[in-house]
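Look through the sequence and the model below.

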2 protein chains.
Amino acid sequence: MSKCKDYLNKMNLPGDLKKLTLNQCDKLCQDVRKMLIDTVSKNGGHLASNLGTVELSLAIHRVFSSPEDKIIWDVGHQAYTHKILTGRADQFHTLRQENGISGFCRPDESIHDAFISGHSSNSVSAALGIATAMKIQQNPHFAVAVLGDGAFTGGMVYEGLNNAGKSDTNLIIILNHNEMSISKNVGSVAKYLSNMRTKEGYHKTKSMVERALDKTPVVGNPLKKALKGSKNALKNVVLHSTMFEDLGLAFIGPIDGHNIEELEKGLNAAKALHRPVLVHVNTIKGKGYAPAEENPGEYHGVGSFEIATGNPDVVLADSFSSVFGKELTELGEQHKNICAVTAAMKYGTGLQYFAKAYPQRFFDVGIAEEHAVTFCGGLASMGMIPVFAVYSSFLQRGYDQLLHDLSICNTHVVIGVDRAGVVGDDGETHQGIFDVPFLTSIPNTTIYSPSCYEELRMCLKKAVLEDSGIVAVRYPRGNDKSNYNKSQINTSYEYHDNGNGVLIVTYGRLYNNVLSACEILRNRHIECDTLKLVKIFPIEEDIIDIISSYKLVFFFEESYYHGSISEKYAAVCSNIAPVAIDYFVKHGKVADLLDELNLSPKKMANQIEEFLSYEQ
Amino acid sequence: MSKCKDYLNKMNLPGDLKKLTLNQCDKLCQDVRKMLIDTVSKNGGHLASNLGTVELSLAIHRVFSSPEDKIIWDVGHQAYTHKILTGRADQFHTLRQENGISGFCRPDESIHDAFISGHSSNSVSAALGIATAMKIQQNPHFAVAVLGDGAFTGGMVYEGLNNAGKSDTNLIIILNHNEMSISKNVGSVAKYLSNMRTKEGYHKTKSMVERALDKTPVVGNPLKKALKGSKNALKNVVLHSTMFEDLGLAFIGPIDGHNIEELEKGLNAAKALHRPVLVHVNTIKGKGYAPAEENPGEYHGVGSFEIATGNPDVVLADSFSSVFGKELTELGEQHKNICAVTAAMKYGTGLQYFAKAYPQRFFDVGIAEEHAVTFCGGLASMGMIPVFAVYSSFLQRGYDQLLHDLSICNTHVVIGVDRAGVVGDDGETHQGIFDVPFLTSIPNTTIYSPSCYEELRMCLKKAVLEDSGIVAVRYPRGNDKSNYNKSQINTSYEYHDNGNGVLIVTYGRLYNNVLSACEILRNRHIECDTLKLVKIFPIEEDIIDIISSYKLVFFFEESYYHGSISEKYAAVCSNIAPVAIDYFVKHGKVADLLDELNLSPKKMANQIEEFLSYEQ
């Protein structure tokens, strides 16, 4: 392993990669694969997608010249080899650790990360912007977008392609075709691309037909008759080819994505065209590590695991996601109008139970949050009760649809907002800290933020069976670590009034931190009352009355401050000290990040103590 | 005109439309066209798109049975005939007037408006949701989405199609092909569809080829050789047909959209398939009214006009949009890195001046706000200064892209937020009252809200040349009615401290109303100080100090309350009475709507007077 690092360290990267022989390339790919497996088995991360792009990454850096040529990795969870080959082999062992390198592309991490990545399907638009700037600036370099077929389930790609086709730019779009996004891809585009994948002779055939037509003025009689003898008409029909050519792009492929020589030929051909081109590359997700090749879905994003067996170090017990999924499955038994919708996150959101029990009422729509929201609106308009389970940071894509297609008509749709709050290792693009601000800006919206499994079950049931309008139930990644007395839990709030002058308000899993903070303060002879919100929005008169009765109120909140619940209560009660998040949160362990954000028990306690000491 | 109304009034609509002869249909279409021209010439509204869909609307209601079959009109600005034919002929003269019928589809207006409409490209998703519910409910009816080729520039359509193809539902998608969205359509999809439009023989040819192949085992030699003699391979290449068939839909068309008989044949054929199908209908925007046929772009959305000449009743002077466009054009002269981007609103946003002067730096990306934002991010990453001019309510579509693709890297992109605040006649889906809440929830964002042309010019210049990150300059629809003393204007704030105990804070065009309110109050012997914000976000210490020095502060704001600027200041200053918007605002005249919202001069004055009387 360290030999490979030494080897890379001696090179001027990525330029010197061009000097390697094909044999040396193969050797390097083997070593990089080992490095990937070694690091991800320790740190967790995305494995299968990165094992699939080792040769592709090397070929790209041999054919193109980063940073003058700009490589834009869609989502970015397949860019580990790119990181290793652009001078980050030394730091690669710090992957996804606080102050270590990110699991996604970050322009502030390296000049070779040309654009931010994390959310799917934006790379064509970003690359077209870059290629267009190059054209205006008379810069002869290339913008190269690399995206998986999973990204093609997102509509934004088509907006990009629609503008790319006629752009006359040095734009190269590489379709990394592995037939998976996280789980198996869905929809007719996936089917279409798969058909293309197997047409190995497509490109060759097409050239031959073209040549044949050029040489032969007379074509077979029945066809000629049918097509009214027009060579052009025939050409149109016979050579009508890929959807991408319909969209005005040149097309090259399919290419074996694990054959460096073939990859380089294809990419060089693409370069030579000097016009927007799509290169179709077939790769195998998990390539080179048997457990990942066999189960690419399971090895998409993983925690640490044992290399020899592929077994995870920690077997996950229940999580908020699985509790959500199981409770919804129970509700679905009795209520035949409940539907479950996911945007390519069946397992991540715990919907596999519902999918298995009621396949006719389960819908995986691909990475298509906009469609998911409006599709739910259509279902709801017919009396169904749709439940869309989605990660907080991805729900951002459906903002207009929530507002326009659901809220105006007060349509009843339940949103399971998974990964709400600080998510951790995946960093800025995945933290769920904006759902409270953007959901509260949408009329007719109710938000619950349960602090434990039991509350989650109660809130989900109420959201589905009793509430109206948009009802969001938000819960964090991972499992429930609460151990407080659950005898009083409900879907509204829980107030512990022990006659103290200071009140601490919070919601969600932070309640556990608040209880620990109270312990710490008790040892310092400071007693606080507590108020745990469960239904956090709309804000309630009851809560205003409670808050207003205190001299000092601390409100701890795992949300971006502007648009937060603490800001809303502060706007009507003047005695609040809100502690919320006011910057993008990088990757790291959740507990460490919460500490930095002044939301750990100790920091909570310290802030309260400090404030009180000034008061005296 | 009234004869037609009488005629329709006697019918049981829309069912009785099926009883008409084709001759009666033609007569009805003529009369409906007259009604459209008559009403729109008085009330303003969408003309050209509605003149294009008269026959299509009638054919749809003869072939399908609303409300059991659900008709979903994308955008909805082509659904006037649908409204007339579903029992709203009597009210049609109230189009777009307060308490009158909406210019878009509203489920609360009629059972025949199956889904909310206003924003583009959502109809396939909504219709698929409805068709899916029908399938689950074993309901044999149809969901029919009607969308223009303009909607196909929005990515959401492809998310819908990707899921529709394999859905096994009674979903019928009607492509109303008129080659226009508002101005001429852009991009390669438009080109592709136009090619299809002219292939009149396409469908016929295809069947003939199919028959020919079935009958003829031997095909022409050169082709046969090229294709290795395989009939299936040939079939694949020869019969590879439309993009829609690639996506798993059946395809029917193109059909003459002004021929009722042909339309009915096509729609009946689509019904008979009982699977997702796309019907391609060619229509002429503006059909039947010469000025609109000749200039469909100008007659897309119009104010009142003289029918004989087509001349508008009011010739528009400068507007905030045109002042924005002209100032940007001036800036573009000296600063060659400024680019202008629009999502199909070149004229609406005043960018025609820039487009003419610097065609290489102007980009109309189609109805594709997501792409527009990220494309700007790509441009900016290469040192360009992109300015995206977009209506407030449509910018909602780019929320995730603003947050993910721009904000995290503090990318400098200027957003011209046009139609900010209450827009008026177009109603709930078009009011620009959410941009402040959602933009303030995005880190690294600065927002200006100028109150007059001069301030707009200053703010735009500062946003483009001096500021960093996302900089939004928001301004209302229409023209500047201000007549206050402009000697002190700047891009920060203007404070008039006359030593009074009450302060009124506001921003944007409401400042005019505040000044009028002060006049009214002065006559009632109440004097107020005023503070006009220009840079409204981030909130500023200066402003907090000023506000905190008053006993009572009224903050008037043309924004949804949750996430508003007044809420933000209220959260840090306890003496604020915020007056903002807390519900969806229907259509009507702006002045009337502002009065309802307690934001007219008189209502402002009354609220302040009333509050002070209680204080005493």
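Which residues in α4(B) are buried? This is a predicted model, and in it the buried residues of α4(B) are B:Val54, B:Glu55, B:Leu56, B:Ser57, B:Leu58, B:Ala59, B:Ile60, B:His61, B:Arg62 and B:Val63. Helix α4 of chain B spans residues 54–63 and is mostly covered, with 10 of its 10 residues buried. The buried set includes B:Glu55 and B:Arg62.

Next comes a pair of helices in chain A. Helix α15 (residues 320–334) of chain A packs against helix α21 (residues 453–465) of chain A at an angle of about 40°, and their axes are 10 Å apart. Because of that angle, α15(A) is oblique to α21(A). The crossing in which α15(A) passes α21(A) is right-handed. From α15(A), the contact draws on A:Phe320, A:Val323, A:Phe324, A:Glu327, A:Leu328 and A:Leu331. From α21(A), the residues that make the contact are A:Tyr453, A:Leu456, A:Arg457, A:Leu460, A:Lys461 and A:Val464. Sorted by class, the contact of α15(A) with α21(A) has 9 nonpolar and 3 charged residues, and no polar ones.

The last topic is the contact between the chains. Chain A gives 97 residues to the contact and chain B gives 96 residues. On the side of chain A that touches chain B, the largest share comes from helix α6 (residues 123–136) of chain A, with 10 residues. By class, that side of chain A has 47 nonpolar, 38 polar and 12 charged residues.

Conventions: Residues are numbered from 1 along each chain as its sequence is written. Chains are lettered from A and ligands numbered from 1 in the order in which they are written. This is a predicted model: local features need pLDDT of at least 70, side-chain atom pairs count only at pLDDT 80 or more; totals for chains, interfaces and linings use all residues. Two residues are in contact if their C-beta atoms, placed from the backbone, lie within 7 Å. Helices (H or I, at least four residues) and strands (E, at least two) are DSSP runs, numbered from the N terminus. Ala, Val, Leu, Ile, Met, Phe, Trp, Tyr, Cys and Pro count as nonpolar, Asp, Glu, Lys and Arg as charged, and the others, Gly among them, as polar. A residue is buried if 20 or more other C-beta atoms lie within 10 Å of its own, exposed if 12 or fewer, and partly exposed in between; C-beta atoms are placed from the backbone. Axes are lines fitted to C-alpha atoms, for helices over the stretch in contact, and angles run from 0 to 180 degrees between N-to-C directions. Angles under 35 degrees count as roughly parallel, over 145 as roughly antiparallel, 65 to 115 as roughly perpendicular and the rest as oblique. A crossing is left-handed if the near helix is turned anticlockwise from the far one by less than a right angle, and right-handed if clockwise.
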